[in-house]
Amino acid sequence: MAELDVRKPLPAITSEAKAFWDAAAQQQLTIQRCQDCRAWVWTPRPSCNECGSQKVEWTPMSGKGEVYSFTVIRQVVGRAASKAFEPDIPYVIAWVDLDEGPRLITNIVGCPVEDVKLGMKVTVQFDKASEKIWLPKFKPA
Amino acid sequence: MELSYGPDESGHSMSITNKSAIVGIGDTPTDRLGSKPGEPRKSSAEYLAWAMHLALDDAGLSLKDFQGQGLGVTIPTAYPQPFWPEEVSEILGITPGFLLGGATGGAGAVSLIGGMSAAINSGLIDLALVVGAAAPFSEHWGGGIQPGDMRDWEIPYGTMGPNSKIAMVMRRHMHEYGTTLDHLGKIAVTARYHASLNPLGYLRTPMTIDDYKNSRLVADPVRLFDCVMPANGGKAYILASPERAKSLRKQPVWVKGFGERSNPSYGPRAGSDALVMGVKDAGRVAMEMAGVKHKDINFLQLYDDYVIVVYLQVEDLGFCQKGDLKFFENTDFTFKGQLPIQTGGGIINCGQPSTAGGVHHILEGVRQLRGEGGDRQVPNAKIGLISGLGVLPYGKNLGCCAVAILGNEV
């Protein structure tokens, strides 16, 4: 597990997302699921954004999925904080569709960028970004 | 599950058809401060006033006509000042009776056609000025990271703005349908050709498919000539009630239909089809309101933050089936062709002053419907479709989509 550069922007641990980060620190990917309509709710929301139910519960996921699409970052642009990612170039930003349904923005790691393909099977790993933040990333399954 | 709801399906007859008209337009030259010799250094305030005065002159109206009337202001993406529309009122010297901010990003300019037409139709006002400007090359606003999905779920992975997400949309479309750079390049080349015929174009040198294919890779597979071009500039239009419109200088361009979809999802919200855009429903609603079919529409002015987004809109507005490559191969999209698009060059070639870029497509539509299209005039243009788009949310295609149908006959 790579130690990330501390200058990289970190997510805020908002109250609706705290359970996610607590589980991630335990190497478990969890997503909210509506107990009424059974919809997956992602990113974290205070209630179900399909049916409005307030019965949403954090649910352990398999951590398996496939690459829906991706891009390769070969240069940093925009805000100053982007510079923190320069040492990682080239790296892959991907949309990964979990086997259970939800789509995540993430990085594909653990293989050369040239090997990443649409439809590729991947599995989660957690990279420590701070004491409380472990970012879910994906590697070839 | 497909979201399908709205006034069109509720059984009510809701319409703003022919209840207001665009009676004045103002379009400043755009610049990129030093990219061409002699470019001016102007502020947002100067572009706002410039665009407004051009529109007032075009309509034959004066500032005093707008006191107590409607003022709409597009809200720039990089401007953190929440009271910007009020400040614009002060900059311009207007005390509006009805002030609206365009809060749907690049769709704001088209959204404000809906909001202001509704206000005129309801009798709140009988005139409205809509104005937008930005000067990203001469003003530097703070770029702090604001709360939300982008801060918490995107930037920590090293995403580089909207290019990263649209690259994933473009790659997925190529994967699912076999779309090639030749298909996309045809759109880019057509828009540049039109810009070469537009005195207000910025990139006016015609280009070839090879120029497009050989342009620098920005976010694989997105290339430089896939991307919109930020610029300084200001744009404005004036809407009037039918009674006011008939007594003004220029031929009225009537609002025939309007539709909007914000936060659309095609499939579950947590994993929607990222290749379908909300213009699918916004366009259907607008066309039904206007009572027009695809064959009645003489041109499309489509919001163009990227070439792939123009392509997707042609599909999702229903001019062809999703993935119908032959349609793109066989259709002439120039102003002389079967389906003219981007007849002014779009903001990819004319420049995007932040969200005010969305006004470009409206102004070009008005010119075509007035017969002021010059060397790029669409023959016998009577009905045009204008779109606005804003925001690239976390896991989906564009988050704000608005469509207006304009026409030159009641």
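Two strands are said to pair if DSSP finds at least two bridges between them. The legends below describe close-up views of a predicted model.

**Figure 1. Pairing of strands S1 and S2 in chain A.** Strand S1 of chain A, residues 30-34, and S2(A) are joined by 2 bridges and pair in the antiparallel sense. Within this pairing, Arg33(A) has Trp40(A) in S2(A) as its bridge partner.

**Figure 2. The open sheet of chain A.** An open sheet of 3 strands is formed in chain A in the order S2-S1-S3, with antiparallel pairing. Strand S2 (40-41) and strand S3 (56-60) of chain A stand at the edges; each has a single partner strand, so one side of each is left without a neighbour in the sheet.

**Figure 3. Chain A as a whole.** Chain A contains 1 helix and 8 strands. Read from the N terminus, its elements follow the order α-β-β-β-β-β-β-β-β. The radius of gyration of chain A is 16 Å, close to the 14 Å that the globule rule gives for 141 residues, so chain A is as compact as a globular protein of that length. Taken along the principal axes, the box filled by the C-alpha atoms of chain A is roughly 45 × 30 × 30 Å. Of the 141 residues in chain A, 37% are buried. Among the contacts in chain A with a separation of 6 or more, 53% are between residues 24 or more positions apart.

**Figure 4. The two domains of chain A.** Chain A is assigned domain 1 (15-60) and domain 2 (62-141). A distance of 21 Å separates the C-alpha centres of domain 1 of chain A and domain 2 of chain A. Their contact involves 8 residues from domain 1 of chain A and 10 residues from domain 2 of chain A. On the side of domain 1 of chain A that touches domain 2 of chain A, helix H1 (residues 18-25) of chain A gives the most, with 3 residues. That side of domain 1 of chain A comprises 7 nonpolar residues, 1 polar residue and no charged residues.

**Figure 5. The contact between chain A and chain B.** Chain A contributes 41 residues to this contact and chain B contributes 29 residues. On the side of chain A that touches chain B, the elements giving two or more residues are S2, strand S4 (64-73), strand S5 (91-98) and strand S6 (103-108) of chain A. S4(A) provides the largest share of this side, 6 residues. The side of chain A that touches chain B consists, by class, of 25 nonpolar, 10 polar and 6 charged residues.

**Figure 6. Chain B as a whole.** Chain B comprises 13 helices and 11 strands. The radius of gyration of chain B is 20 Å, close to the 22 Å that the globule rule gives for 410 residues, so chain B is as compact as a globular protein of that length. The C-alpha atoms of chain B occupy a box of roughly 55 × 45 × 45 Å along the principal axes. Buried residues account for 58% of the 410 residues of chain B. Of the contacts in chain B between residues at least 6 apart in sequence, 81% link residues at least 24 apart.

**Figure 7. The two domains of chain B.** The domain assignment of chain B consists of domain 1 (14-140 + 232-246) and domain 2 (159-229 + 254-407). The C-alpha centres of domain 1 of chain B and domain 2 of chain B are 22 Å apart. Domain 1 of chain B gives 39 residues to the contact, and domain 2 of chain B gives 37 residues. On the side of domain 1 of chain B that touches domain 2 of chain B, two or more residues come from each of strand S1 (21-27), helix H3 (108-122), strand S4 (127-134) and strand S7 (233-240) of chain B. H3(B) gives the most to this side, with 7 residues. By class, this side of domain 1 of chain B has 17 nonpolar, 19 polar and 3 charged residues.

Figure 8. In soluble globular proteins, nonpolar side chains tend to be buried together. The largest nonpolar core has 156 residues, of which Ala128(B), Tyr237(B) and Ile238(B) touch the most other members. Helix H1 (residues 44-59) of chain B supplies the largest share of this core, 8 residues. Apart from its neighbours within four places in sequence, Ile238(B) contacts residues including Ile22(B), Val23(B), Ala55(B), Leu61(B) and Ala128(B). A second, separate core of 6 residues has Phe20(A), Ala24(A), Ala129(A) and Trp134(A) among its members.

Conventions: Residues numbered from 1 in each chain as written. Chains lettered and ligands numbered in written order. Predicted model: local features only at pLDDT ≥ 70, side-chain atom pairs only at ≥ 80, totals over all residues. Helix = DSSP H or I, 4+ residues; strand = E, 2+ residues; numbered from the N terminus. Rg over C-alpha atoms; globule rule 2.2 N^0.38 Å. Buried ≥ 20, exposed ≤ 12 C-beta atoms within 10 Å, placed from the backbone. Contact = placed C-beta atoms within 7 Å. Nonpolar A, V, L, I, M, F, W, Y, C, P; charged D, E, K, R; others polar. Domains from an automatic or database assignment. Core = buried A, V, L, I, M, F, W, Y, C linked by C-beta atoms within 7 Å.
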